[in-house]
Amino acid sequence: MTPNASSRLLAEGLGTALLLATVVGSGIMGAKLAGGNVAIALLANTLATGAILIVLIQMLGTVSGAHFNPAVTLAFALRRELPWSEVAPYVAAQIAGAVLGVWLAHAMFDLPVMQLSTTVRSGPGQWLAEAVATFGLLVTIIGTIATAREAVPYAVGLYITAAYWFTASTSFANPAVTLARALSDTFAGIAPTSVPAFLAAEIAGALFAVLVAPHLGRRNARRRAGGAPRAPCLLQPAGPRQPITAPQAAISNRSAFITLTQAATKSSTSFFLASSCA
């Protein structure tokens, strides 16, 4: 049964709330336990975020698609895989859930619920990093859906885990996340003055991914249609396999047994003769 609109919006809001509670909460916990070691705190933040993404997408993917991200929602709408009438409700649910998730994290750690971040994240390198992070996330999602849909939760979780460390911005890659993290003056925060440029970079990365993705999908479309791929797959048979009948299988197995027996006998004889001459 197809989930109704309220179920899909609830899933988007709940999933985004749990995502932000994890991002902010693990940042607070990591900073507390790392004793000033920022690398350890970031590693804790990274592992928790990658893990919760796998869980949330696996849990809610069949309900709403598990976007949890306005950039993902926009990309699917541009690709005509989501009605435009659902974009605004999805984005509203994602932003509301993100804010609630941040407040929940604050409450769990006995911090003031209402905060504004003072962590400035600015500069061309940070903006480029956000564009790259969002582009990579969208290409990961679209490409994995085309080749191995069941692997999407793991692909997304692993990509974000990696992108935390190879991007200068630690890969927000999500406008709802960026807006909500401005409301947390903790390890994961971003100053409100830094938000507009991050949002612009994220949308730019998403749009570029939508432009590039169709060119990556043509090979997969031909394969599904029965055409040959451009490059051979190492696990793909070189040609079509003919069905083997029962008599043929018996003859083949008997021949293989005889061949192996002869080889073993020859090897044993050689070994005996060599041992006798020693």
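The crossing of helix 1 and helix 4 is right-handed, a crossing being called right-handed if the near helix is turned clockwise from the far one by less than a right angle, and left-handed if anticlockwise. Helices here are DSSP runs (H or I, at least four residues), just as strands are runs of E of at least two, and they are numbered from the N terminus. Two packed helices are described by the angle between their axes and the distance between the axes. For helix 1 and helix 4, the axes come within 6 Å and cross at roughly 35°; such axes are lines fitted to C-alpha atoms, for helices over the stretch in contact, with angles running from 0 to 180 degrees between N-to-C directions. On the helix 1 side, the residues making the contact (heavy atoms within 4.5 Å) include Arg 8, Glu 12, Gly 13, Thr 16, Ala 17 and Leu 20. Helix 4 contributes, among others, Pro 89, Tyr 90, Ala 93, Gln 94, Gly 97 and Ala 98.

The structure is a predicted model, in which local features need pLDDT of at least 70 and side-chain atom pairs count only at pLDDT 80 or more, while totals for chains, interfaces and linings use all residues. Residues are numbered from 1 along each chain as its sequence is written, and side-chain values use heavy atoms, with hydrogens and water left out.

Leaving aside residues up to four places away in sequence, Gln 94 touches Glu 12, Thr 16, His 67, Phe 68, Asn 69, Pro 70, Thr 73 and Ala 176.

Stepping back to the whole chain, the secondary structure comes to nine helices and zero strands, and the pattern along the sequence reads α-α-α-α-α-α-α-α-α. Of the 278 residues in the protein chain, 41% are buried. Among contacts between residues at least 6 apart in sequence, 75% join residues at least 24 apart. The chain exposes about 15200 Å², of which carbon and sulfur atoms supply 70%; accessible areas come from the Shrake-Rupley method with a 1.4 Å probe, and for residues only the protein chains shown count as cover.

Charged side chains come next. Side chains of opposite charge can pair when their charged atoms come close. A search of the whole structure finds two salt bridges, each defined as a side-chain nitrogen of Lys or Arg within 4 Å of a carboxyl oxygen of Asp or Glu. In one of them, the side chains of Arg 8 and Glu 86 meet at 3.2 Å, N to O. Arg 8 lies in helix 1 and Glu 86 in the loop between helix 3 (70-78) and helix 4 (87-108), so this pair ties together parts that are 78 residues apart in sequence. Both partners are buried, Arg 8 with a relative accessible area of 17% and Glu 86 with 18%. Arg 79 and Glu 81 also form a salt bridge, with their closest N and O atoms 3.0 Å apart. Here Arg 79 is partly exposed at 26% relative accessible area, and Glu 81 is partly exposed at 46%.

On the surface, Leu 10, Leu 14, Leu 18 and Met 59 form a nonpolar patch with about 370 Å² of accessible area together. Patches are made of residues with over 30% relative accessible area and no salt bridge, like charges being joined within 9 Å and nonpolar side chains (Val, Leu, Ile, Met, Phe, Trp, Tyr) within 5 Å. Helix 1 (residues 5-33) supplies the largest share of the patch, three residues. Met 59 has its place in helix 2 (residues 38-64) and, at 44% relative accessibility, counts as partly exposed.

Two backbone details complete the tour. Thr 170 has a positive phi of about 60° although it is not a glycine, and Ala 173 likewise is not a glycine but has a positive phi of about 55°. Thr 170 is found in the loop between helix 6 (152-166) and helix 7 (175-181), and Ala 173 lies in the loop between helix 6 and helix 7 too. Thr 170 is buried at 14% relative accessible area, and Ala 173 is buried at 0%.

Terms used: Buried means under 20% relative accessible area, exposed over 50%, partly exposed in between (1.4 Å probe, protein chains only).
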